[in-house]
Amino acid sequence: MDVLWALKLLRNEFPDVGGLEQTTILASGTSKCKATKKRNLYIVHSGGSHWITVYTECMWDHVDVYDSLYDSLPSDAERQIYSVVSTHKEIRFKLMSRQVGSDDCGLFAIAVAVDLCHSRD
C-alpha cells in the first residue's frame with residue numbers, strides 16, 4: 001500500500017483540502033502544512049507501523065481521528081497532530097469499520113481520506 005502515492009493523487013484532485021502532506025514530513029515535526037484551510041486532512045504514520053486518518057475544519061474546536069485498529073492515540077501520533085493543529089482542539093475518535101488483517105490499516109486510512117475529500121458541506 002503506497003500511502004504517499006495516494007496523498008499525491010488526493011492533493012492533485014482536491015486542492016481545496018489542506019494537509020495531505022507527506023507522512024515523513026509530518027512525522028519529523030517540520031511541517032509547514034498547518035490546518036488553515038476550511039477542510040484539512042492528514043494521514044498519520046504512528047506507532048512505527050500503523051496508519052490513521054485525521055480530519056479537522058478551521059472553525060471546529062476538535063479533530064476527528066479515524067483508526068481502524070485502536071481506540072487510543074500513541075504519543076507520536078498526538079505530537080504529529082498537534083504540530084499542525086491548535087493544541088486547544090480536542091481529539092475525538094470516530095466510529096468506523098475495523099480491519100481484519102494485521103496490515104490493512106493503510107488501505108483503511110486511504111479509503112477514509114478519499115471519502116472525506118469527496119464529502120461536501
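Predicted model: local features only at pLDDT ≥ 70, side-chain atom pairs only at ≥ 80, totals over all residues.
Colleague: How are helix 1 and helix 4 oriented to each other?

Modeller: The axes of helix 1, residues 3–13, and helix 4, residues 105–118, come within 10 Å and cross at roughly 5°. Since angles under 35 degrees count as roughly parallel, helix 1 and helix 4 are therefore roughly parallel.

Colleague: Which residues of helix 4 make the contact with helix 1?

Modeller: By class, the contact of helix 1 with helix 4 has seven nonpolar residues, one polar residue and no charged residues. From helix 1 the contact is made by Val3, Ala6 and Leu10, and from helix 4 by Gly106, Ile110, Ala113, Val114 and Cys117.

Colleague: How many residues of strand 3 are buried?

Modeller: In a regular strand the side chains alternate between the two faces of the sheet. In strand 3, residues 50–57, both faces are covered, with His50, Ile52, Val54 and Thr56 buried on one side and Trp51, Thr53, Tyr55 and Glu57 buried on the other. The number of buried residues in this strand is eight of eight.

Colleague: What is the bridge partner of Ser46 in strand 3?

Modeller: Strand 2, residues 39–46, pairs with strand 3 in the antiparallel sense over eight bridges. The two strands form a hairpin with three residues between them, and Gly47 in the turn has a positive phi of about 65°. In strand 3, the bridge partner of Ser46 is His50.

Colleague: Which residue of strand 4 does Tyr55 stand opposite?

Modeller: Strand 3 also pairs in the antiparallel sense with strand 4, residues 62–66, over three bridges, and these two strands form a hairpin with four residues between them. In strand 4, the residue opposite Tyr55 is Asp64.

Notes. Residues numbered from 1 in each chain as written. Heavy atoms only, no water. Axes fitted to C-alpha atoms, helices over the stretch in contact; angles between N-to-C directions. Parallel < 35°, antiparallel > 145°, perpendicular 65-115°, else oblique. Contact = heavy atoms within 4.5 Å. Nonpolar A, V, L, I, M, F, W, Y, C, P; charged D, E, K, R; others polar. Buried < 20%, exposed > 50% of the residue type's maximum accessible area, 1.4 Å probe, protein only. Pairing = 2+ DSSP bridges.
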